[in-house]
Amino acid sequence: MLLAANDVNVAMNIGFGIIATVMIFAAFSVVTTKNVVHAALYLVLVLAGVAAQYILAAAEFVAVSQVMVYIGAVMVLFLFGIMLTRAQIGAEDGLNNSGWQLGIPVGVILFGLLAYVIIDAYEDDVIGERQPFPTEELSDQILSPFLVPFLAVSFVLLAAAIGAIVLARKD
Amino acid sequence: MLAVEETHTALELSSGWFMENAWLIALIPAIGFALIIGFGKKMPFKGAEFGLSSMAASLVIATGAGIQWIQRTDSASPGGEEALGGLFTGVRGAVRAAEGAEAAPYIEPVVTQWVWWQNSGLEFGLGSHIDGLSVLLLWLVAFISLLVQIFSLDYVRGDRRYTHFFAALTLFSSGMLVMVMSSNMVQLILGWEIMGLCSFMLIGHWWEDAYNSHSALKAFFTVRVGDVGLLIGTAILYFGANDFAVNTLDSNGFDIRAIGAWALSGEGSSWTLLMASIALFIACIGKSGQFPLHTWLPDAMAGPTPVSSLLHSSTMVVAGVFLVARIYPVFWEGFNIASGGLSFIAVIGGITIVIAALLAFVQDDIKKVLAYSTVSQLGYMMLGLGTGAWLPAVFHVFTHAFFKCCLFLCAGSISHSGSHHSFDMKKDMGGLRKKMPITFWAWIVSTLALTGVIPFAGFWSKDEIIDNVGANGYTVLFWVGLGGAALTAMYMTRATYLTFFGEARGAAAGIHHDDGGHDEYATEHRETLITAATIDRELVMAGPAPQSLGAAAATHESGDRGDHRDDHDDHGDDHGDHGDHGPHESGKLIVVPIVILAFLALTAGFANPTPLAGDALGANLGEGVELIKTYVEPRYEPVFVDETAGHAGESVQLIDASTLPAVEDDGGEGKSDDGKAKCGRGTPEPGTVCYFPNVKHAVPELGKILLSLAVVAIGYAAAIGFCIAYYRNRNSRLVGLTERSRIARGGYLFLKNKYYLDALYQNVFVFFVSRPLAKATYWFNQNVIDGAVNGVGAGGKATGNWVYKYIDQGLVDGAVNASGKAASETGHGLQPMQSGKVNQYGALLFGAATVGAIVLVILNVS
Amino acid sequence: MLAVNFLLLAAVLFCIGVFGVIARRNAVLVLMSIELILNAVNLNLVAFALMNNNIEGQVFALFVIAIAAAEVGVGLAMVLMIYRNRKSIALDELSEMKG
């Protein structure tokens, strides 16, 4: 299956596999650990793994952006949030709500569905060696076809920043 | 001998304008009535003009109809076969072959009818039906009514309701004429009822006095009791005769001739005929005052004298006799008069003769004497009809009307001019023969006619009845009739003596006392005896339950205040003509009718002097002198009806008399019976109908005539002797007999109290109906009928409640509520979904998305 | 390598994220789960970009990253407000929209 294809780049696959395993394990821990801070740290691990996958997928700029924005800013925000909401240090029991069992079947079924669809659609599709895209191409895309979304995103960021300030100020 | 079915011979009978338009005879008085009611008060004679003129017109038309009927009858006899030009009228009689036998064909009556009722095959009409009987009575009623109205012009003058009096008299005449000329039972009943209504109105003419209005009610209700029989009898006859009438005669079950034909055809069961006869005769008992429903007639004397003379002596009370005579075939077959058995009619007639005659002896009121005399004479008529003496009975109706009306008018004349409006013989009359000679002689003539003295009218009619009764084999009733004749002589003598002979008493002597005089003939103790007057008033006015005689006597102490009501104060406001206070002869308007009637009382008998038709009295004038028999008595010959023709009588066949079966005669005396006795004594041949039975006519014999005259003479002698002894000489053995002898007193009281019949009727029957029966009926009505209705209502209410509770509230509302509840429960059930918890929402969101995705995948992949 | 690898990995991350959203009580943890979801989506986009040799996937991914960052900022601001008012950020207790 995964590894039983011709012209397979063994190294890429192995690298992918290791990173994927780590990511899954870390993601699973995020949602099951009893320690909030540990959850945040496991999330960092996930995000890092995602960045590595980006590199494997020949999307360096995205990978770097991921690292910088997500791990650098978002995680810091999370940690600030954890701190400011006086999360308990150490394990605490009541992190799962009363109906958390419901999530299992939902998740499983959803995964089953998605897996079925994906395998059904993309079975045995092989991705060949690829050269990474140059960054200019990326910027060309951003600043021409996607100019309006780019500006909109900037507004969104502005609104979010102002909104966050407005929301969180002490009145 | 001619064979049957050979030639057709039509019997052409003459008709005439008067006969065909005889309905005018009844219509004109009806119009007169309307005119009097409408315009009477404004007329110079206060409406009497209309009455008199209408009765005169009726009399003229009736006379014309009578003459034309005589012509018609003559035109059918062998001598008058030539056609007198005229119309056919339905069924034709057959002319017998010339075999030497006298042809006495059935004379078809003249019928003019308008359809009154028409519905699904049943059709009867209103109109006139002229045959001998009806034309005789039409003329009689018109004549008597005219005379009485002339009499009333003077007699009722000044009365407070003069106009309405004439209106009621005219309406009565119209009603009786309607009845007499009717061709079907429905019209007969109509006329009957109109008469009853007018009788009520007229008896109660001075209704301000309660006694008068109670008498009127008593008359009406007593006759009503009998009228139930009339309706039942009509119904029985209708259902019995209708099939026969429709099939054979193209008629219906109400038609009187059809009923007669049916009765004689043998198709009616004897039980039906008997029931119908009894029912109809009960009506006659009521109307004609037979025992036991005679009690209303004496109290009917409360009305003014013209009313008594017209209604309650000559015309209305003979309506019952007329009914029997009219539908005679029904009674003939129903009571088996043919076989000579004792019939119900004859028995009642005989009883009535005697009890009424006995009651006439103890009356102080002259009108009451005459009333009981009328009842007794009606008994004679019924006796005659019940024993098969149809002709003498009808003839007696004819003659009795004259002399009885004359007697009543004389009584009126006496009270008007002689006894200052009093009718009490003992108190206010006496010795009037010198003061009122015309009235006296008219009275004497009428009395002689009444008692049957030759050659006055009553002899020819009443003695014929008695003769036929004896000849038909009824020995006991024969002697009853003779005894009744003797009694008649006796009580009339008493009345005559008290009125016209002896010393003048009270008002006749010119003494006026407004509180009534006292009885000159009363002994001291007489006052304490109960007199009929008190009993009359107490019972008629439905007083308290009868106390014992003694107690009533005790309350009678206050003198004779009760007695004087016998006076029948019949002067409303009139004290005008009291110029002279003594008795005097009445004015011309009163006297002329009396004289006319007295003359007729003398001569009317010669209309049918049967003894003169034979050898009995020596002068044999032939059968032609029997005018009533020739022209009034219906013929008993069978009449052919062609059943194959759609209309009865389209073709006529010769009847060969010899081919018809000869039924054995019942041994009647030879001459008056024909060789073949068919109708009424056997079933008629197929194809023929009989309209009248073959009644027997007795042949008078000198011996019987002398016997009856002797009986009457004995009666007169005894009575005259007694009157002289008792009233003039005050024979000590006779005076006070009723006080001394217990038997005499008992008999006297029994008679005075009218056999206690009034007490029986009032206190037993009426009381029973008005108290227990009414209470029971009321109980039934309230508890059973109302209970049923209430029950239905309660049931409905309970059903409604149940439906409301279980179906409306439970089922319908339940369904509605359930749907609402389902909705709310669903909402409640789904409410936990809205927990407000984000996690849950997220779960739902992703779950729903998953499900949607699965669906999409499945749809797209499959 | 097979294309499905990336996509399956993304699906796994997505499902884990869904599970986290449903199961976690702490608001911050829920936000973290949402981050997982977003990252799964990003991975998907980049994988498609790789598969189709089209750069637009990567552009889209960049935008997602930007939006995610903005969203986390606002979200945490709201969490802080909730914490300030209720002294607790257990989503169980935030059921005022309960109907």
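This is a predicted model: local features need pLDDT of at least 70, side-chain atom pairs count only at pLDDT 80 or more; totals for chains, interfaces and linings use all residues.
**Setting up.** I number residues from 1 along each chain as its sequence is written, with chains lettered from A and ligands numbered from 1 in the order in which they are written.

**Confidence.** I noted ipTM 0.91 and pTM 0.65 for the model.

**Chain B overall.** I found 30 helices and four strands in chain B; these are DSSP runs numbered from the N terminus, helices being H or I with at least four residues and strands E with at least two. Of its 862 residues, 53% count as buried. Buried here stands for 20 or more other C-beta atoms within 10 Å of a residue's own, exposed for 12 or fewer, and partly exposed for anything in between, with C-beta atoms placed from the backbone. I also looked at contacts (C-beta atoms, placed from the backbone, within 7 Å): among those in chain B with a separation of 6 or more, 77% link residues 24 or more positions apart.

**Helix 14 of chain B.** This helix covers residues 344-360, 17 residues in total. I get a reach of 24 Å from its first C-alpha to its last, close to the expected 24 Å, where the expected span is 1.5 Å times one less than the number of residues.

Asn336(B) sits in the loop between helix 13 and helix 14 of chain B. I count Asn336(B) as partly exposed because it has 16 C-beta neighbours inside 10 Å. Its C-alpha atom is 9.8 Å from that of Gly388(B), 52 residues away along the chain.

Strand 1 (residues 110-119) and strand 2 (residues 122-130) of chain B run antiparallel and are joined by nine bridges; pairing takes at least two bridges found by DSSP. Trp117(B) stands opposite Phe124(B) in strand 2 of chain B. Two residues lie between the strands of this hairpin, and Ser120(B) in the turn has a positive phi of about 45°.

**Cores.** A nonpolar core is a set of buried Ala, Val, Leu, Ile, Met, Phe, Trp, Tyr and Cys residues joined through C-beta atoms within 7 Å. The largest has 231 residues, and Ile25(B), Leu138(B), Val321(B), Cys406(B) and Ala601(B) have the most contacts inside it. Beyond its neighbours within four places in sequence, Cys406(B) touches residues including Ala442(B), Ile594(B) and Ala601(B).

**Chain C against chain A.** I find 62 residues of chain C in contact with 78 residues of chain A. Helix 3 of chain C gives the largest share of the chain C side, 21 residues. By class, that side has 49 nonpolar, eight polar and five charged residues. Nonpolar covers Ala, Val, Leu, Ile, Met, Phe, Trp, Tyr, Cys and Pro, charged covers Asp, Glu, Lys and Arg, and polar covers the others, Gly among them.

Methods: Two residues are in contact if their C-beta atoms, placed from the backbone, lie within 7 Å.
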